[in-house]
Amino acid sequence: MRVLLVEDDANLRFGVAAALRAAGLAVDEAVDLPQADEALFVTAYDCAVFDRMLPSGDAAD
């Protein structure tokens, strides 16, 4: 399973990505909405995990 993790806090992103990888998932990381948008455009993900409040905008919009 391939997951996109979108989180601007480097320490939190590292920890969550490490936990997901330890569970056997393939994890790609993005730090903001433009980077996530690009990743979603070029790669098919089974799941995307977004930080709700990113500096580049609200991920729920």
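Predicted model: local features only at pLDDT ≥ 70, side-chain atom pairs only at ≥ 80, totals over all residues.
1. In soluble globular proteins, nonpolar side chains tend to be buried together.

2. **Leu4.** Neighbours within four places in sequence are left aside here. Leu4 is then in contact with Asp28, Glu29, Ala30, Ala36, Ala39, Leu40, Tyr45, Cys47, Ala48 and Val49.

3. **Arg2 and Asp28.** The count of salt bridges is 3. One of them joins the side chains of Arg2 and Asp28, at 2.9 Å from N to O. Arg2 sits in strand E1 and Asp28 in strand E2 (residues 26-30), so this pair ties together parts 26 residues apart in sequence. Arg2 is partly exposed, at 30% relative accessible area. Asp28 is partly exposed too, at 24%.

4. **Arg13 and Glu29.** A salt bridge joins Arg13 to Glu29, with the closest N and O atoms 3.3 Å apart. Distant parts of the chain are linked here: Arg13 belongs to helix H1 (residues 10-22) and Glu29 to strand E2, 16 residues apart. Arg13 is buried, with a relative accessible area of 13%. Glu29 counts as partly exposed, at 37%.

5. **Arg21 and the network.** Arg21 also forms a salt bridge with Glu29; the closest N and O atoms are 3.1 Å apart. Arg21 is partly exposed, at 41% relative accessibility. Salt bridges link Arg13, Arg21 and Glu29 in a network.

Note on methods
Residues numbered from 1 in each chain as written. Heavy atoms only, no water. Contact = heavy atoms within 4.5 Å. Salt bridge = Lys/Arg side-chain N within 4 Å of Asp/Glu carboxyl O. Helix = DSSP H or I, 4+ residues; strand = E, 2+ residues; numbered from the N terminus. Buried < 20%, exposed > 50% of the residue type's maximum accessible area, 1.4 Å probe, protein only.
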